[in-house]
There are 2 protein chains.
Amino acid sequence: MSDLLERLRGRGWRMTAQRRVVAEVLDGDHVHLTADEVHARAVTKLPEISRATVYNTLGELVTIGEVLEVSTDKRAKRYDPNAHQPHHHLVCGQCGAIRDVHPVGNPLADLPDTERFGFTVSGVEMTYRGVCPNCATA
Amino acid sequence: MSDLLERLRGRGWRMTAQRRVVAEVLDGDHVHLTADEVHARAVTKLPEISRATVYNTLGELVTIGEVLEVSTDKRAKRYDPNAHQPHHHLVCGQCGAIRDVHPVGNPLADLPDTERFGFTVSGVEMTYRGVCPNCATA
DNA sequence: ATCCTACGATGGACAATGTCTAAGTCAAGC
DNA sequence: GCTTGACTTAGACATTGTCCATCGTAGGAT
C-alpha cells in the first residue's frame, strides 16, 4: 500500500504532512487500529496533528474505499488498511485480538431470495468469534 | 419470550419493577433497539427509571444470553431479543433498517483449519449490507 | 521565485454513548 | 413486620466522535 499516496494524489488530494503521516501509520503494522490509536501514533511523527484531522482523514479514506471500517464489538470503530483484498475477521473474545481470515465459499450466495426482503444486497461481513491460543492457555 | 421473567426468577434475580419494564420493552416489537431507545420506552411505563438501570439490566441480559448485542455500524450498540433462534442481519446502508435473515449453509464450516490460527472458534456473525426497497425507490 | 486562493488543519466546544459511585430503597426470606 | 443485601438512583465522569470559526499552506498562476 506504499502507493497509497500516489493514488490519493491521483484523486486530486492535496498532499499535506498530516495526510502523509496518517497514511504512513496505516501502512505500518497491518493491525486494526482505532481512530485514537492512529492519532497517538501520528502524534509521535507530527506532534501538532489534531484529532479532528485524523478523524477527517480516516473518514475520507473510508469514503473512497482505501480503508475499511470494522465494528467488532469494542466501543471504538477500527480501521483496516487491507481494503483491496476481501477478507473477514476472527476476534478473540478475551483479549480482543483480530486476525484477517478467508473463508471458503461465497456467503452472498447463501442468502436465498426469500430472505432478501426486496433488498439489493451488495456485501457481507463475517465476524468469527472465539478464543485465541494465548488466552486459551492462560 | 414472555417466560423471560420466569427464567430470570429461576436464576435468582430479584424481580423489580424496573427489570420487568425492560423485559416488557424488549418483548414488544421485535426490533433492534439502542440502549437509549429501550430507556425511552421504559420511561413511558415507569417514569422514574434511570439510564444506569437500563444499561445494567441490558448488560446482565446479554451476559446470561437472553439478549444479543448487535454492532452494525451505527454508533450505538443495539439489543436483539431474538437470542434463542440463531440468525444474522441484513442492514440498509441508507436508512439503517435491520432485518433478521437466515442464510443457508453453515458458515462455521467454511473456515478452514489453516485459517483458524489456533483459535477455538465458537460462533460467527454475518452482516449483509444493501439497500432496502424503500430507499431504492426514493 | 513569489503571490493567491481555495482546500485543509487546528483546537476547543459540543454531542452521543456508556460507566462508575455513594447513598437511598425495596424484594424476599425469616 | 423486620432485616439485609441486592437493586436503583442521580449525576459526575469517561470515551468516542462531530462541528465550526479561524488560521495556515499546497500547488497553480504570474
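In the predicted model, sugar or phosphate accounts for 72% of the atoms of DNA strand C within 4 Å of the protein, and bases supply the rest.

An N or O atom in the side chain of A:Arg14 lies 3.0 Å from a base oxygen of DNA strand C. The side chain of A:Gln18 places an N or O atom 2.7 Å from a sugar or linking oxygen. Elements giving two or more residues to the surface near DNA strand C are helix 2 (17–27) and helix 4 (51–63) of chain A, along with helix 4 (51–63) of chain B. The largest share, 3 residues, is that of helix 4 of chain B.

Within chain B, helix 4 packs against helix 2 (residues 17–27) at an angle of about 65°, and the two axes are 10 Å apart. Angles of 65 to 115 degrees count as roughly perpendicular, so this description applies to helix 2 and helix 4 of chain B. Their crossing is right-handed. Helix 2 of chain B contributes B:Gln18, B:Arg19, B:Val22 and B:Leu26 to the contact, while helix 4 of chain B contributes B:Thr53, B:Val54, B:Thr57, B:Leu58, B:Glu60 and B:Leu61. The residues of this contact divide into 5 nonpolar, 3 polar and 2 charged.

Terms used:
Residues are numbered from 1 along each chain as its sequence is written. Chains are lettered from A and ligands numbered from 1 in the order in which they are written. This is a predicted model: local features need pLDDT of at least 70, side-chain atom pairs count only at pLDDT 80 or more; totals for chains, interfaces and linings use all residues. Side-chain values use heavy atoms; hydrogens and water are left out. A residue is near a molecule or strand if one of its heavy atoms lies within 4 Å of it. A polar contact is a pair of N or O atoms within 3.5 Å; within protein, one must be able to donate a hydrogen and the other to accept it, and residues adjacent in sequence count only if both atoms are side-chain atoms. Helices (H or I, at least four residues) and strands (E, at least two) are DSSP runs, numbered from the N terminus. Axes are lines fitted to C-alpha atoms, for helices over the stretch in contact, and angles run from 0 to 180 degrees between N-to-C directions. Angles under 35 degrees count as roughly parallel, over 145 as roughly antiparallel, 65 to 115 as roughly perpendicular and the rest as oblique. A crossing is left-handed if the near helix is turned anticlockwise from the far one by less than a right angle, and right-handed if clockwise. Contact means heavy atoms within 4.5 Å. Ala, Val, Leu, Ile, Met, Phe, Trp, Tyr, Cys and Pro count as nonpolar, Asp, Glu, Lys and Arg as charged, and the others, Gly among them, as polar.
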